[in-house]
Amino acid sequence: MVSAILEWIHCPVCGNKTRLQIRTDTELKNFPLYYPKCKQESLIDAKNLQITVIKGFEEKHRTD
Ligand SMILES: [Zn+2]
(Lines give C-alpha, C1' and ligand atoms only; values in the text may rest on other atoms or scores of the structure.)
Protein backbone atom coordinates (compact mmCIF):
# COMPACT_ATOMS: atom_id res chain seq x y z
CA MET A 1 0.00 0.00 0.00
CA VAL A 2 1.41 3.30 -1.09
CA SER A 3 0.20 6.47 0.49
CA ALA A 4 0.75 9.76 -1.23
CA ILE A 5 0.70 13.23 0.17
CA LEU A 6 -1.69 15.62 -1.48
CA GLU A 7 -1.04 19.31 -1.50
CA TRP A 8 -3.18 22.16 -2.73
CA ILE A 9 -1.77 24.31 -5.45
CA HIS A 10 -1.80 27.95 -4.47
CA CYS A 11 -2.41 30.75 -6.92
CA PRO A 12 0.97 32.31 -7.76
CA VAL A 13 -0.67 35.72 -8.05
CA CYS A 14 -2.56 36.06 -4.76
CA GLY A 15 -1.45 32.98 -2.84
CA ASN A 16 -4.94 31.64 -2.32
CA LYS A 17 -5.68 27.96 -2.54
CA THR A 18 -6.89 26.78 -5.90
CA ARG A 19 -9.07 23.76 -6.47
CA LEU A 20 -6.17 21.77 -7.80
CA GLN A 21 -4.15 19.30 -5.84
CA ILE A 22 -0.87 17.65 -6.62
CA ARG A 23 0.70 14.54 -5.19
CA THR A 24 4.26 13.92 -4.20
CA ASP A 25 4.66 11.99 -7.42
CA THR A 26 2.82 14.48 -9.62
CA GLU A 27 4.88 16.07 -12.33
CA LEU A 28 3.57 18.99 -14.31
CA LYS A 29 5.31 20.65 -17.18
CA ASN A 30 4.09 23.94 -18.63
CA PHE A 31 0.74 23.55 -16.96
CA PRO A 32 -1.62 26.48 -17.48
CA LEU A 33 -3.00 27.15 -14.04
CA TYR A 34 -6.06 29.32 -14.19
CA TYR A 35 -7.47 30.80 -11.02
CA PRO A 36 -10.97 32.19 -11.63
CA LYS A 37 -10.90 34.65 -8.73
CA CYS A 38 -7.82 36.37 -10.15
CA LYS A 39 -8.89 35.81 -13.73
CA GLN A 40 -5.25 35.16 -14.40
CA GLU A 41 -3.43 32.27 -15.84
CA SER A 42 0.00 31.20 -14.72
CA LEU A 43 2.22 28.70 -16.38
CA ILE A 44 3.69 26.34 -13.84
CA ASP A 45 5.90 23.33 -13.46
CA ALA A 46 5.45 21.00 -10.52
CA LYS A 47 7.67 18.30 -9.18
CA ASN A 48 8.07 16.84 -5.69
CA LEU A 49 5.37 19.26 -4.48
CA GLN A 50 7.49 22.17 -5.63
CA ILE A 51 5.76 24.67 -7.87
CA THR A 52 7.80 26.71 -10.28
CA VAL A 53 6.10 29.63 -11.96
CA ILE A 54 7.27 30.21 -15.50
CA LYS A 55 7.48 33.89 -16.17
CA GLY A 56 7.45 35.81 -19.37
CA PHE A 57 5.08 33.66 -21.31
CA GLU A 58 2.31 34.79 -23.55
CA GLU A 59 -0.61 32.73 -24.55
CA LYS A 60 -3.22 33.27 -27.11
CA HIS A 61 -6.55 31.67 -26.48
CA ARG A 62 -8.61 30.46 -29.34
CA THR A 63 -11.82 32.31 -29.51
CA ASP A 64 -13.69 30.11 -31.94
ZN1 LIG B 1 -4.85 34.48 -7.31
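**View 1. The β1–β2 hairpin and Gly15**. Gly15 has a positive phi near 85° in the hairpin of β1 and β2, where 6 residues lie between the strands. The strands are DSSP runs of E, at least two residues long, while helices are runs of H or I of at least four, and both are numbered from the N terminus. The model is predicted: local features need pLDDT of at least 70, side-chain atom pairs count only at pLDDT 80 or more, and totals for chains, interfaces and linings use all residues. Residues are numbered from 1 along each chain as its sequence is written. Strand β1 covers residues 6–10 and strand β2 residues 17–23. The two run antiparallel and are joined by 4 bridges. Strands pair if DSSP finds at least two bridges between them. Glu7 has Ile22 of β2 as its bridge partner.

**View 2. Lys17 in strand β2**. Lys17 sits in strand β2. How many C-beta neighbours does Lys17 have inside 10 Å? There are 12, so Lys17 counts as exposed. Beyond its neighbours within four places in sequence, Lys17 is in contact with Trp8 and His10. Contact means that the C-beta atoms of two residues, placed from the backbone, lie within 7 Å. Ser42 is 25 residues from Lys17 along the chain. Their C-alpha atoms are 14 Å apart.

**View 3. Lys39 in the β3–β4 loop**. This loop runs between β3 (28–35) and β4 (40–47). Lys39 lies in it. Its phi is positive, near 55°, and Lys39 is not a glycine. Most residues other than glycine have a negative phi. Lys39 is exposed because it has 8 C-beta neighbours inside 10 Å.

**View 4. Asn48 in the β4–β5 loop**. Asn48 is found between β4 and β5 (50–54). Here too a residue other than glycine takes a positive phi, near 50° for Asn48. Is Asn48 buried or exposed? With 9 other C-beta atoms within 10 Å, Asn48 is exposed.

View 5. The C-alpha trace spans about 45 × 25 × 20 Å along its principal axes. Of the 64 residues, 8% are buried. Among contacts with a separation of 6 or more, 26% join residues 24 or more positions apart.

Technical notes:
A residue is buried if 20 or more other C-beta atoms lie within 10 Å of its own, exposed if 12 or fewer, and partly exposed in between; C-beta atoms are placed from the backbone.
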